[in-house]
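Colleague: Before I use the labels on this structure, I would like to see the rules behind them. Please put it up.

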Amino acid sequence: DRPEMRRAILMAVKQEDYLRAVVGDDDSMFSTSYSYWSKGSPMHTEAGSELMKVRDIERAKAALKEAGYDGGKVVQLHASDFPTITAQSLVTADLLRRLGMNLEFVATDWGTVVQRRASREPLDKGGWSVFHTTWAGPDWWDPAAAVGMRTNGPNAWFGWPSSEKIEALREQWFEAPDLDGQKRIAAEIQKEAFQVVPHVPLGHFLSPSAHRTNVTGIIKSPVVLFYNMGKSG
């Protein structure tokens with residue numbers, strides 16, 4: 001629950017490790033993105049992302065020590081039945097151990113992760129420290145869409161980050177008179193987000209899909225849409 005520790009871990013993250021774990025070595029299937037906003041969005045920027053480009057275990061260890069990490073337990077929730085999340089989670093477990101953190105790796109199913117992540121109890125009473133999830137690109141298009149960028153404490157998304165500055169900037173974003181104004185404020189939100197670290201962005205990957213040739217009406221979309229479909233023959 002300390003931004004200093006989250007920033008320290010951010011210094012050790014290599015997005016490529018996560019992305020290759022999910023989709024393999026086909027570079028066309030993934031893209032790094034040192035941003036809290038989706039690539040393709042007018043809001044996309046790398047402003048404030050310097051810590052994400054450090055990628056140095058030893059510097060991260062030193063930063064953790066400076067942040068006051070004293071070997072306390074870290075609980076990672078791991079969904080072993082969700083392939084993409086499983087792959088990411090294993091990379092994080094290895095990373096945290098290499099950072100010298102006292103990791104308790106809780107392997108379970110996604111349904112149990114969803115239940116437990118709602119807990120705000122201390123670690124010894126069912127709480128947690130980290131879990132993985134994935135989103136579709138449009139979910140991170142801008143401050144209006146990105147639920148995970150809310151930093152309104154108890155009312156925020158799981159993890160419940162708190163930043164009055166980000167919340168104030170979000171309100172200003174809605175009042176911006178034009179796109180240039182929105183882009184400028186989105187960059188300021190991101191700069192502060194890399195200080196607060198509401199979560200760690202891990203880049204973009206594509207999920208391949210397949211269908212029979214006689215299935216018609218498929219709508220190309222970042223999410224699966226089953227309406228409009230038909231079958232010929």
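What follows sets some of the labels against their definitions.

Modeller: This is a predicted model, in which local features need pLDDT of at least 70, side-chain atom pairs count only at pLDDT 80 or more, and totals for chains, interfaces and linings use all residues. Residues are numbered from 1 along each chain as its sequence is written, and side-chain values use heavy atoms, with hydrogens and water left out.

Colleague: Why is glycine 127 called buried?

Modeller: Buried means under 20% relative accessible area, exposed over 50%, and partly exposed in between (1.4 Å probe, protein chains only). Glycine 127 has 0% relative accessibility, so the residue counts as buried.

Colleague: What is glycine 127 in contact with, leaving aside its neighbours within four places in sequence?

Modeller: Contact means heavy atoms within 4.5 Å. With those neighbours left out, glycine 127 is in contact with Val75, Arg116, Ser119, Glu121 and Pro122. The C-alpha atoms of glycine 127 and leucine 77 are separated by 9.8 Å, the two residues being 50 apart along the chain.

Colleague: Which residues line the largest cavity?

Modeller: On a 1 Å grid over the protein atoms alone, a cavity is a set of points where a 1.4 Å probe fits but cannot get out, and lining residues have an atom within 4 Å of a point. The lining here is Ala12, Val13, Lys14, Asp17, Tyr18, Val91, Leu95 and Arg98.

Technical notes. 1 Å grid on protein atoms, 1.4 Å probe; cavity = no way out; pocket = protein on both sides within 12 Å on 5 of 7 lines; lining within 4 Å.
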